[in-house]
Amino acid sequence: MPRPPRHTRVSFRVDAAEKALICRAAEVLRTSVSAFVVEASVQRAQALLTDRTRFSLSARQMKAFMDALDAPPPNPDALKTLLNHEAPWERG
């Protein structure tokens with residue numbers, strides 16, 4: 001299935017050695033430099049963001065995690081005070 005056309009441009013500078021390396025890799029894969037750079041960038045971005053948004057736990061770790069989530073807060077008054085204060089990024 002063909003990809004939908006792309007309409008947004010990304011522009012950046014590289015030195016001659018970096019460009020040669022990228023061109024050589026794209027040639028080995030028999031793809032365009034643009035397609036190679038997009039694919040490599042998207043893969044790296046997905047890996048980076050997945051590492052920061054998903055985590056895996058063993059069964060024992062998952063039980064401990066769920067128990068901690070289900071437990072009442074250790075100091076409800078301190079939590080109430082914290083939640084009633086304006087966050088630093090909300091201050092104008």
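Let me first state the conventions. Because the model is predicted, local features need a pLDDT of at least 70 and side-chain atom pairs count only at pLDDT 80 or more, whereas totals for chains, interfaces and linings use all residues. Residues are numbered from 1 along each chain as its sequence is written, and side-chain values use heavy atoms, with hydrogens and water left out.

I turn to confidence. The predictor's confidence in each residue, pLDDT, runs from 0 to 100. The protein chain averages 91, and 99% of the residues score at least 70. Helices here are DSSP runs of H or I with at least four residues, strands are runs of E with at least two, and both are numbered from the N terminus.

Next, the loop between helix H1 (16-28) and helix H2 (33-53), where Thr31 is found. Arg30 lies in that loop as well. For accessibility, buried means under 20% relative accessible area, exposed means over 50%, and partly exposed lies in between, with a 1.4 Å probe and protein chains only. Arg30 has a relative accessible area of 79% and is therefore exposed. Thr31, at 31%, counts as partly exposed. Leaving aside neighbours within four places in sequence, Thr31 is in contact (heavy atoms within 4.5 Å) with Ala26 and Phe36.

The largest pocket has a volume of about 480 Å³. Of the 13 residues that line this pocket, the closest to its centre are Val10, Phe12, Val33, Ser34 and Val37. A pocket, on a 1 Å grid over the protein atoms alone, is an open set of points where a 1.4 Å probe fits, with protein on both sides within 12 Å along at least five of seven lines; lining residues have an atom within 4 Å of a point. Grid points are joined across faces, edges and corners, and the volume is the space filled by probe spheres set on them. Which helix supplies the largest share of the lining? That share, 4 residues, comes from H2, and H1 and H2 each supply at least two residues. By class, the lining divides into 7 nonpolar, 3 polar and 3 charged residues. Here Ala, Val, Leu, Ile, Met, Phe, Trp, Tyr, Cys and Pro count as nonpolar, Asp, Glu, Lys and Arg as charged, and the others, Gly among them, as polar.

Helix H3, residues 59-70, is my next topic. Its expected span is 1.5 Å times one less than its number of residues. For 12 residues this gives 16 Å, and the end C-alpha atoms are 16 Å apart, which agrees. Is H3 largely in the open or buried? The number of its residues that are buried is 0, so H3 lies largely in the open.

Ser56 is found in the loop between H2 and H3 and is exposed at 67% relative accessibility. Its C-alpha atom is separated by 39 Å from that of Ala20, 36 residues apart along the chain. Lys80 lies in helix H4 and counts as exposed at 54%. The C-alpha atoms of Lys80 and Ala47, 33 residues apart along the chain, are separated by 36 Å. Arg9, in the segment before H1, is exposed at 77%. Arg9 and Asn84 are 75 residues apart in sequence and 44 Å apart in space, C-alpha to C-alpha.
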